[in-house]
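Trainee: I have not seen this structure before. Could we go through a few of its residues one by one?

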Amino acid sequence: MPTYVYETIPQFEGEPTKRFEIRQSMKDAALTQHPDSGQPVRRVPIGGTGMMGGGSGGAQASGGGSCGTGCGCH
């Protein structure tokens, strides 16, 4: 099961957000409330190596990538 990152949605100006992780099935709906406090939450999109082509055989293998060659990031 993947781990998802959520953050609380501030209800008042200046209120800080709080992040937490929770393991959920990919089939489960995203949470709308913190499991303990009931405060409204939203899922935080977090990228992984597969999303950016950093996995095996992706853009790095061809020497290109989305930013071109010679940039030093490959």
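Trainee: Is Q24 buried or exposed?
Mentor: Keep in mind that this is a predicted model. Q24 is placed in the loop between β2 and β3 (41-44). Its relative accessible area is 5%, and buried means under 20%. Therefore Q24 is buried.

Trainee: Which backbone oxygen lies 3.3 Å from a polar atom of the side chain of Q24?
Mentor: Leaving aside neighbours within four places in sequence, the residues in contact with Q24 include M1, P2, L31 and A29. For the backbone oxygen at 3.3 Å from a polar atom of the Q24 side chain, the residue is A29.

Trainee: How is the pair of Y6 and F20 classed?
Mentor: A search of the whole structure finds one aromatic pair. The ring centres of Y6 and F20 are 5.7 Å apart and the planes are at 15 degrees. Planes under 30 degrees apart count as stacked, so the class of this pair is stacked.

Trainee: How many residues apart are Y6 and F20?
Mentor: Y6 belongs to strand β1 (residues 3-8), while F20 belongs to strand β2 (residues 19-23). The pair thus links distant parts of the chain, and the separation is 14 residues.

Trainee: Which residue lies over the face of Y4?
Mentor: Y4 is among the residues in contact with Q24, and R43 is another. At 3.9 Å from the ring centre of Y4, the residue over its face is R43.

Note on methods: Residues are numbered from 1 along each chain as its sequence is written. This is a predicted model: local features need pLDDT of at least 70, side-chain atom pairs count only at pLDDT 80 or more; totals for chains, interfaces and linings use all residues. Side-chain values use heavy atoms; hydrogens and water are left out. Rings of Phe, Tyr and Trp (its six-membered ring) pair if their centres lie within 6.5 Å; planes under 30 degrees apart count as stacked, over 60 as edge-to-face and the rest as tilted. Helices (H or I, at least four residues) and strands (E, at least two) are DSSP runs, numbered from the N terminus. A charge sits over a ring if NZ of Lys or CZ of Arg is within 6 Å of the ring centre and within 35 degrees of the ring normal. Buried means under 20% relative accessible area, exposed over 50%, partly exposed in between (1.4 Å probe, protein chains only). A polar contact is a pair of N or O atoms within 3.5 Å; within protein, one must be able to donate a hydrogen and the other to accept it, and residues adjacent in sequence count only if both atoms are side-chain atoms. Contact means heavy atoms within 4.5 Å.
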